[in-house]
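Hi everyone, thanks for coming.

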Amino acid sequence: MTKPSLPELLHAAVTAVGGTERPGQVAMTEAVAGAIDDNAHLLVQAGTGTGKSLGYLVPALAHGERVVVATATLALQRQLVERDLPRTVEALHPLLRRRPEFAMLKGRSNYLCLHRLHEGVPQEEEDGLFDQFEAAAPTSKLGKDLLRMRDWADETETGDRDDLTPGVSDRAWGQVSVSSRECLGASKCAYGAECFAEAARERAKLADVVVTNHALLAIDAIEGAPVLPQHEVLIVDEAHELVSRVTGVATGELSPGQVNRAVRRAAKLVSEKVADELQTAAESFERLMELALPGRLEEVPEDLGYALMALRDAARNVISAIGSTRDKSVQDEDAVRKQALAAVESIHGVAERIANGSEYDVVWCERHDRYGASLRVAPLSVSGLLREKLFSDRSVVLTSATLKLGGDFNGVGASLGLSPEGTEGEDVPVWKGLDVGSPFDYPKQGILYVARQLATPGRQGSRGDMMDELAELVEAAGGRTLGLFSSMRAAKEAAEELRGRLGMPILLQGEETLGELIKSFAADPQTCLFGTLSLWQGVDVPGPSCQLVVMDRIPFPRPDDPLMSARQKAVEEAGGNGFMAVAATHAALLMAQGAGRLVRAMGDRGVVAVLDPRLANARYGSYLRASLPDFWYTTDRNQVRRSLAAINAAAEAEGK
């Protein structure tokens, strides 16, 4: 039997999911297959509506070697495992004459821990071990959730938190899950043979396609101990998110509360002398943190340096001693010891990292109204790490609707550790960029309006002219507005102002769960939804409910953001343009994602309105505009009001 061609396979898969083949999808499929066959690297921008999941799944399944697909959002992971992969495998089976297996793999804390569930949570202080089911009143929300999870444990096949519906709070889930550091290990655990996390790892070892998330991919790269099974091909979907997810995993935190918890956990397992040493170091650290001001620490102050070294040394002594002292009153000693070790090792690692000081790290202090002050440390850049760990021994395909910023792939490539496209040399990963476009006719389906006449937004002060403009636009659109704001405060002010002025429902992020808000927004065309960061990327509402997307200002990072400002300064010191490389790239990515909320289907029409004149007037404005979909561009406010009114009238007529 002849080997089936790629077009045949794609046609079968697209038919199975009830879709339509698109030229961009065909081009993507061929490019991904070529990259896999040549063991090469590919960055591919595939606009909304291209069908990019099948664009990489079909060549990956046809290749026959193990493939890891890493994605940023839970929604896409579920879509791949529950919808796209089952249908695609079924459709390709007769042609490939084999049935590829697939599995989902997440970090250990995403799975129910049977040891925690049955033995309880090791408690600090003097309680010893307690039964969390008895301690939480059965009538409380926590108590009800814990009882529900106990019943669910007998039914679930996966133990995956995301399969539990309705979901539970982080606090409730924390009672029945463990981190990888706290886990006893399958060989030492009484429940090792039934462990959900271990079962997921075993399934992944046998699968042809392993679907995971960016965080687990980062852990696999950073920690050296492999978490993912061996694989020949890595596909990173939503690749515009990868750098921030890897940075998040590589960021350490140290707070007085966390140190005090570690002290309490370790106290019963070591001698009084060793415990007192850690307690004293913790108290010194806490006193200094009470006085600490928020902001970047370009150099760690001397007194804080001494406190961190004392904390590091005391933690190291606890780690050495923790195995030797046995307190007869402690039940389930292995679990208690493992939890204490995990807490103290974390303190030791972060204290040592900050105390040692590295030119490649950024250290800053944060203050939180509720939790007080904490120290944080993050890598200045993750590009070197990604270049070394990601691109060394496998073919890597990175895809997203937004990878091409300002007209090329080099900005995103640089953040991933890649030299400009076409650069060759020893130890330089060679890669290609491909933009397969979008099936949407952006110049006909959308308008990009920049309110050039408004005052430039300042850091402080009211924007009365912006509020007037916003109200007029929303009114002309008849509601149907997704408001994307640069801060929660701005979103709240706008929601309050417009609720007073207009007779239409304005939903505000935080007043209900995101899922419920999006559902209500989609259900009623007159409704508006205002919010901040997660709305810039997480809203998929095709049709007449979303015909106006408003951005209050260009979403540059805050000038006092310690990590972003440090990265900007580092680029400038190396002779580059820090503002363009860091701040403008960050803003371009967010704006491209935000503008992508408007046109989600072939029949969608609408306006993206940016209420920040800098997009039209500033030198960097053309770079930002070149990163957005190719909408028809105008600064004429009267034209936009007429267009919005016409789109609203057409939607109302269609709805009747």
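So, which residue in S13 does glutamine 45 stand opposite? That's aspartate 435. Before I go on: this is a predicted model, where local features need pLDDT of at least 70, side-chain atom pairs count only at pLDDT 80 or more, and totals for chains, interfaces and linings use all residues. Residues are numbered from 1 along each chain as its sequence is written, and side-chain values use heavy atoms, with hydrogens and water left out.

Back to the strands, then. Strand S1 (residues 41–45) runs parallel to S13, and five bridges join them. Strands here are DSSP runs of E, at least two residues, and helices are runs of H or I, at least four, numbered from the N terminus. Two strands pair if DSSP finds at least two bridges between them.

Both strands sit in an open, parallel sheet of seven, ordered S3-S6-S2-S7-S12-S1-S13. At its edges you'll find S3 (102–104) and S13 (431–435), each pairing on one side only.

There's also an open antiparallel sheet of four strands, S8-S11-S10-S9. Its edge strands, S8 (252–254) and S9 (295–296), have a single partner strand each, so one side of each has no neighbour in the sheet. S9 pairs with S10 (residues 361–368) over two bridges, and glycine 295 stands opposite cysteine 365.

Last, some helices. The axes of H12 (residues 256–267) and H13 (residues 272–291), lines fitted to C-alpha atoms over the stretch in contact, come within 10 Å and cross at roughly 170 degrees, on a scale from 0 to 180 between N-to-C directions. That makes H12 roughly antiparallel to H13, a label for angles over 145 degrees.

Notes:
Angles under 35 degrees count as roughly parallel, over 145 as roughly antiparallel, 65 to 115 as roughly perpendicular and the rest as oblique.
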